[in-house]
There are 2 protein chains.
Amino acid sequence: MARGQLSMNLATTRGAWGFAEAVDGCLRHGVTAISPWRDQVAAIGLDEAARIVKANGLRVTGLCRGGMFPGVDAADRQKRIDDNFHAIDEAAALGADCLVLVVGGLPGSSRDIAEARKMVADGIAAIVPHARSAGIPLAIEPLHPMYAADRACVNTIDQALDICETLGESVGVAIDVYHVWWDPNLAAAIARAGRMKRIFAHHICDWLVPTRDLLNDRGMMGDGVIDLKAIRAMIEAAGYHGPQEVEIFSTENWWKRPGDEVVKTCVERFETVC
Amino acid sequence: MARGQLSMNLATTRGAWGFAEAVDGCLRHGVTAISPWRDQVAAIGLDEAARIVKANGLRVTGLCRGGMFPGVDAADRQKRIDDNFHAIDEAAALGADCLVLVVGGLPGSSRDIAEARKMVADGIAAIVPHARSAGIPLAIEPLHPMYAADRACVNTIDQALDICETLGESVGVAIDVYHVWWDPNLAAAIARAGRMKRIFAHHICDWLVPTRDLLNDRGMMGDGVIDLKAIRAMIEAAGYHGPQEVEIFSTENWWKRPGDEVVKTCVERFETVC
């Protein structure tokens, strides 16, 4: 079976382009799938973003992002759940394949990661009914353990799948190679996700050596140490043949370059090293 | 049962002191256990370091470090194994409780982490006989996944224990809270290590939010988000009541402060938040 198409996560061209410019840029390079961020959609307006998507026949492989469930008290947690309802509605308006969930870390001054993880499971459970009625699958994205404190306390595919098992078929995982490439249990975890039919997205970039910043020093595919073809083979063997979405946070390199250069490089690398 | 004593890993006072000054400084603050690095021992000379240890009745809770097994070819790997033989001899000369192993990452331009992990298991197997005859237990230190590429491709306690199971009783784990606090399977993994009687060391510091550098921005106990008392309880429940060793890499903060301030703070925090 042919591999899935390339999708551009619009974080990758954030340094150069807003939503409309990014769509034009992607189309110039033959890329017809995108995954925008909510702030990029808000900047142009949801209706206009949806119109552009429809007018150009784009596939929206995901909306980034919902999640961030842990809060300092019940009111805070409810506010966060309410925001996820809005995110689901926006994903539906854009016709997105899924809403990506970055689940959140330790709330306030908490050191109780087990409690934060319970808040995450409870938060996702609270939004599942609305996601189902809107027809938007929820893709839990396990984040690298270096983000456990401040971004996401779900840090392995297996941990995400444990949550999925309790919540039914509309909750799955977004597998981003950057976050999971190191996992000694990676092959088994991807196979498990495949058996559960819960692979909803496949994100790519690369891990640079050295990595100079915990958040914004991701590499272009081929510039780092991740065996992208090996992980793609695991994901395809697990039954997923959907898009590979390029998501690169890079304040000091790619975000400083012209958008056309970034997209052109993504396309070239996608065809050679992914 | 009373908890174990405080040990000072001499990386913590690296900014201010060499080996001899660090010993004097520790003794001024009532700290009688240390864990030096090989370069610190080499700088003063192994014989003199051993003499200072003996003259002051110090406990040496570990020598940092052996490991770094993956190499680009067989000759490179053998050179690394030979260096571990020297490290074992140095640990024996110092009367150290164990040799800490930071196992190494991807060799050369490799992207094959499975192969690197095999090189690690093979490398440890190659040094076990010498370690046994020298009476030096080998403590595999699982490092945080953010070091998988360039420092250690053993990244969880369970992964280290899988290696231990194949190699017999003289190979165990050094549990450093900084590297493992995020692990969703932490409690079960520590319990497993206890059942196997393989907890050889317990290192402490803290995870800062934000963390500004992947290597050298570790926090003083109490300044971050790790629930140190909860992890200590897991380790004690698993049967380990030995020293807690403070190991803080901190180029921009603690390494700039006077050694006495660093040790005094470690002692205070050890008594209150650990």
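**The interface**

Begin by selecting the residues at the contact between the chains: 27 residues come from chain A and 27 residues from chain B, contact meaning heavy atoms within 4.5 Å. The model is a predicted one, in which local features need pLDDT of at least 70 and side-chain atom pairs count only at pLDDT 80 or more, while totals for chains, interfaces and linings use all residues. Residues are numbered from 1 along each chain as its sequence is written, chains are lettered from A and ligands numbered from 1 in the order in which they are written, and side-chain values use heavy atoms, with hydrogens and water left out.

About 2200 Å² is buried between chain A and chain B, and 68% of this lies on carbon and sulfur atoms. Buried area is the accessible area (1.4 Å probe) that two parts lose on being put together, summed over both. Within chain A, select Arg111(A), Trp182(A) and Leu214(A), which lose the most area to chain B and together make up 27% of what that side buries. The side of chain A that touches chain B consists of 14 nonpolar, seven polar and six charged residues. Here Ala, Val, Leu, Ile, Met, Phe, Trp, Tyr, Cys and Pro count as nonpolar, Asp, Glu, Lys and Arg as charged, and the others, Gly among them, as polar.

How many residue pairs are in polar contact between chain A and chain B? There are six, with both residues at pLDDT 80 or more. A polar contact is a pair of N or O atoms within 3.5 Å; within protein, one must be able to donate a hydrogen and the other to accept it, and residues adjacent in sequence count only if both atoms are side-chain atoms. Between chain A and chain B, the count of salt bridges is zero; a salt bridge is a side-chain nitrogen of Lys or Arg within 4 Å of a carboxyl oxygen of Asp or Glu.

**The two copies**

Chain A is superposed on chain B by a rotation of 180° with 0.0 Å of shift along its axis, at an RMSD of 0.0 Å. This is the relation of a two-fold axis. The same surface serves both copies, as 100% of the contact residues of chain A recur in chain B. Copies are superposed by least squares on the C-alpha atoms of residues with pLDDT of at least 70 in both.

**Salt bridges within the chains**

Over all chains, the whole structure holds 38 salt bridges. Select Glu90(A) and Arg38(A), whose side chains meet in a salt bridge of 2.9 Å, N to O. The pair links distant parts of the chain, 52 residues apart: Glu90(A) is in helix 4 (residues 74-94) and Arg38(A) in helix 2 (residues 38-44) of chain A. Helices (H or I, at least four residues) and strands (E, at least two) are DSSP runs, numbered from the N terminus. Glu90(A) counts as buried at 17% relative accessibility, and Arg38(A) counts as buried at 16%. Buried means under 20% relative accessible area, exposed over 50%, and partly exposed in between (1.4 Å probe, protein chains only).

In chain B, select Arg192(B) and Glu165(B), which form a salt bridge of 3.3 Å, N to O. Arg192(B) belongs to helix 8 (residues 186-195) and Glu165(B) to helix 6 (residues 157-167) of chain B, 27 residues apart. Arg192(B) is buried, at a relative accessible area of 15%.

**Helix 8 of chain B**

Keep helix 8 of chain B selected. Its buried residues include Leu186(B), Ala189(B) and Ile190(B). Among the elements that cover the buried residues of this helix are helix 6, strand 7 (171-176) and helix 9 (228-237) of chain B.

Most residues other than glycine have a negative phi, and most peptide bonds are trans. In chain A, select Cys64(A) and Arg65(A), which are joined by a cis peptide bond with omega about 0°. Arg65(A) lies in strand 4 (residues 63-67) of chain A.

Lys197(A) sits in the loop between helix 8 (186-195) and strand 8 (199-204) of chain A, and is exposed, with a relative accessible area of 71%.

Finally, select Met68(B), where phi is positive, near 55°. Met68(B) is in the loop between strand 4 and helix 4 (74-94) of chain B and is partly exposed, with a relative accessible area of 24%.
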